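I opened a new page today to note what I looked up in this structure, one topic at a time.

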Amino acid sequence: MSGDFNKKLELLAGKLHAAKLKVAAAESCTGGWLSQAFTSVDGSSCWFEAPLSATPIT
């Protein structure tokens with residue numbers, strides 16, 4: 001991930017934590033990319049919960 005993206009993600013994390021808000025993600029096409037990005041931030045367990053990556057069974 002780029003440095004600019006990481007800075008924005010850390011800014012978002014700080015705002016979510018300060019406002020006591022949480023984010024949840026349900027992913028399919030992204031293959032867990034959002035969950036990986038969010039959990040790369042220290043303290044993400046305070047504002048990120050319930051990640052779900054789903055792949056259809058065919």
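**Notebook: a serine in a helix**

I first looked up Ser35 and found this residue in helix α2 (residues 33-39), where helices (H or I, at least four residues) and strands (E, at least two) are DSSP runs, numbered from the N terminus. I noted that this is a predicted model, in which local features need pLDDT of at least 70, side-chain atom pairs count only at pLDDT 80 or more, and totals for chains, interfaces and linings use all residues. Residues are numbered from 1 along each chain as its sequence is written, and side-chain values use heavy atoms, with hydrogens and water left out.

Is Ser35 buried or exposed? I noted Ser35 as buried because its relative accessible area is 11%, and buried means under 20%, exposed over 50%, and partly exposed in between (1.4 Å probe, protein chains only). Leaving out residues up to four places away in sequence, I listed Ala25, Glu27, Phe48 and Pro51 as the residues that Ser35 touches, with contact meaning heavy atoms within 4.5 Å.

**The whole chain**

I then looked up the overall layout, and the protein has 2 helices and 2 strands, which run α-β-α-β from the N terminus on. Of its 58 residues, 22% count as buried. Among contacts with a separation of 6 or more, 67% are between residues 24 or more positions apart.

**Confidence**

I wrote down a mean pLDDT of 86 for the protein, with 98% of its residues at 70 or more; pLDDT is the predictor's confidence in each residue, from 0 to 100. Confidence is lowest in strand β2 (residues 52-53), at a mean of 76, and highest in α1, at 93.
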